[in-house]
Amino acid sequence: MRIYLAGPEVFLPEALAIGAAKKALCARHGWEGVFPMDPPALSPSGEQDWRRIHAANELLLRGCDALVANLTPFRGVGADPGTVFELGFMRALGRPVHGYTHDPRPHRARVPEARLVQGIWEDAQGMRVEDHGLAENLMLEGAIRAGGGVMLRAAVALPWTDLSLFERCLEALALPSVAGFEGVPGLPGGPAPA
């Protein structure tokens, strides 16, 4: 199985090392990890600019069987928009998607100046703020769960280089089916690991 390793790690100074570490964890399960910076089998032609990067990443996505996404907030309140696109792309292809975040706070708690107004959470501009207790936007978590995937949230803040939740997503991917994952040991809502 080929697994697309989505996330904003591509922007870190040690991006290639993190990609290699994730690929090694995939290999331990007998799978091939595909990092967004990998060259696709068929390289798009044209000038090496943003269009070629986009085309190459779409080729990589289409060649994968599943996706694990790092949805840790990146440069703002929510997940990296490129990662969000990749997650939606794979979900639309009907392939399994899983996610995790290193930020233990729910989405609402990350919105600056969020306040409760007549029983409804709003931001400083008076726009409603989602308050479902989820780690991310409900469409992301909904897509993950609807496809039988898991969305894991750290209990305490973790550094970008921590791969523990990534590895737990791989473990969940190894299960015959993670739909209704509430009964899976060690996953949210499931019994404690043995």
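Predicted model: local features only at pLDDT ≥ 70, side-chain atom pairs only at ≥ 80, totals over all residues.
**Entry 1: the fold**

I began with the secondary structure. I found five helices and seven strands in the protein chain. Read from the N terminus, the order is β-α-β-α-β-α-β-β-β-α-β-α.

Next I looked up burial and surface. Of the 194 residues in the protein chain, 43% are buried. The accessible surface is about 9900 Å², and carbon and sulfur atoms account for 58% of that. I also checked contact range. I took contacts between residues at least 6 apart in sequence, and 64% of these join residues at least 24 apart.

**Entry 2: salt bridges**

Side chains of opposite charge can pair when their charged atoms come close. I looked for such pairs and got eight salt bridges.

I took Glu9 and Lys22 to start. They form a salt bridge, with the closest N and O atoms 3.0 Å apart. Glu9 sits in the loop between β1 (2–6) and α1 (15–28), and Lys22 is in helix α1, so the bridge ties together parts 13 residues apart in sequence. Are these two buried or exposed? Both Glu9 and Lys22 are buried.

I then turned to Arg28 and Glu167. Their closest N and O atoms are 2.5 Å apart, and the pair is a salt bridge. This one links distant parts of the chain: Arg28 belongs to helix α1, Glu167 to helix α5 (residues 164–174), and 139 residues separate them.

The last pair I noted was Asp131 with Arg108. Here the salt bridge has its closest N and O atoms 3.1 Å apart. Asp131 lies in the loop between β6 (120–122) and α4, while Arg108 lies in the loop between β4 (97–101) and β5 (115–117), so this pair ties together parts 23 residues apart in sequence. Asp131 is partly exposed, at a relative accessible area of 42%. Arg108 is also partly exposed, at 21%. The cut-off for buried is under 20%, so Arg108 does not count as buried.

**Entry 3: Glu141**

Glu141 is in helix α4, which covers residues 138–146. Why does Glu141 count as buried? Its relative accessibility is 4%, and buried means under 20%, so Glu141 falls in that class. What is Glu141 in contact with, leaving aside neighbours within four places in sequence? I listed Leu134, Ala135, Glu136 and Met151.

Technical notes. Residues numbered from 1 in each chain as written. Heavy atoms only, no water. Helix = DSSP H or I, 4+ residues; strand = E, 2+ residues; numbered from the N terminus. Buried < 20%, exposed > 50% of the residue type's maximum accessible area, 1.4 Å probe, protein only. Contact = heavy atoms within 4.5 Å. Salt bridge = Lys/Arg side-chain N within 4 Å of Asp/Glu carboxyl O. Areas by Shrake-Rupley, 256 points an atom, 1.4 Å probe, with all protein chains shown as cover.
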